[in-house]
Amino acid sequence: MRTEYKIFAAVAAFLFGAAAVYGVYTHNTGNISGTDVDPAGFRGGVEWVGVVALILSGLLCTMCAGFFWFVARRIDLRPEDREDGEIAEGAGEVGFFSPGSYWPFGIALAAAVAGIGLVFWMWWLVAFGLIAVIFTACGLLFEYYSGTRHPEAHL
C-alpha cells in the first residue's frame with residue numbers, strides 16, 4: 001500500500017501545481033484577439049472552471065492517498081513494498097472471482113436507465129433506475145450465498 005499512496009500523493013501534488021499554474025496563466029493571458037470581446041465572450045481573467053476542476057481532482061487524489069496511507073500503517077509490508085521483495089513471494093491465491101455472472105450487465109443496464117432518466121429529467125425513471133441498481137447490486141453481492149450456485153470451494 002505504500003507504493004499506492006505515494007503515487008496518489010504525487011498525482012495530487014501535480015494537480016495542485018497545475019491548478020496554480022493554470023490560474024496564473026489564464027489570469028495573465030487575457031484576450032488574445034485584440035478586441036474588447038472575442039466571439040466567445042471571453043474578456044480575460046482567471047478561467048475558474050478549469051482551476052476548480054483541477055483543485056477538486058487534486059483533493060480526490062489526496063483522499064485516496066490518505067486512505068492508502070491509513071491502510072498501509074495497519075498491515076504488514078507486502079513484497080512489492082519492500083526493497084528486498086521477490087516476485088515469488090507474491091504468488092498464491094489472490095481471491096475468488098466469479099467465472100460467469102450476469103449481474104454486472106444488470107447493474108450497467110440499471111445505471112444506464114437511471115442516467116437516461118437524469119438526461120431527460122424524468123424523476124420516475126431515475127427512481128426506477130436507482131432501485132434497479134440497488135437490487136442488481138444485492139444480486140451480485142449475494143450470488144453465492146443464496147440459490148443453487150454454490151461452488152465446492154466455498155461451501
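Helices here are DSSP runs of H or I, at least four residues, numbered from the N terminus. Most residues other than glycine have a negative phi. Trp121 isn't a glycine, yet its phi is positive, about 50 degrees. Where does Trp121 sit? In the loop between α3 and α4. Its relative accessible area is 67%, so Trp121 is exposed; that label means over 50%, while buried means under 20% and partly exposed is in between, with a 1.4 Å probe and protein chains only.

Quick word on where this comes from. It's a predicted model, where local features need pLDDT of at least 70 and side-chain atom pairs count only at pLDDT 80 or more, while totals for chains, interfaces and linings use all residues. Residues are numbered from 1 along each chain as its sequence is written, and side-chain values use heavy atoms, leaving out hydrogens and water.

Now α3 itself. It covers residues 103–119, and its 17 residues should span 24 Å at 1.5 Å a residue; the expected span is 1.5 Å times one less than the number of residues. The end C-alpha atoms are 24 Å apart, which agrees.

Which residues of α3 are buried? Gly106, Ala110, Ala114 and Gly117. Looking down the axis of α3, these buried residues fall within an arc of 70 degrees, so they line one face of the helix. The arc is taken from the directions from the helix axis to the C-beta atoms. As background, an α-helix has 3.6 residues a turn, so residues three or four places apart point the same way. On the other side of α3, Phe105, Leu118 and Val119 are exposed.

So what covers that buried set? The cover includes α4, residues 123–141. Take Thr136, which is in α4. Thr136 counts as buried because its relative accessibility is 13%. Leaving aside residues up to four places away in sequence, Thr136 touches Trp103, Gly106, Ile107 and Ala110, where a contact is heavy atoms within 4.5 Å. Gly106 and Ala110 are among the buried residues of α3. A polar atom of the Thr136 side chain also lies 3.1 Å from the backbone oxygen of Val133.

Conventions
Helix = DSSP H or I, 4+ residues; strand = E, 2+ residues; numbered from the N terminus. Polar contact = N/O pair within 3.5 Å; in protein donor to acceptor, adjacent residues only side chain to side chain.
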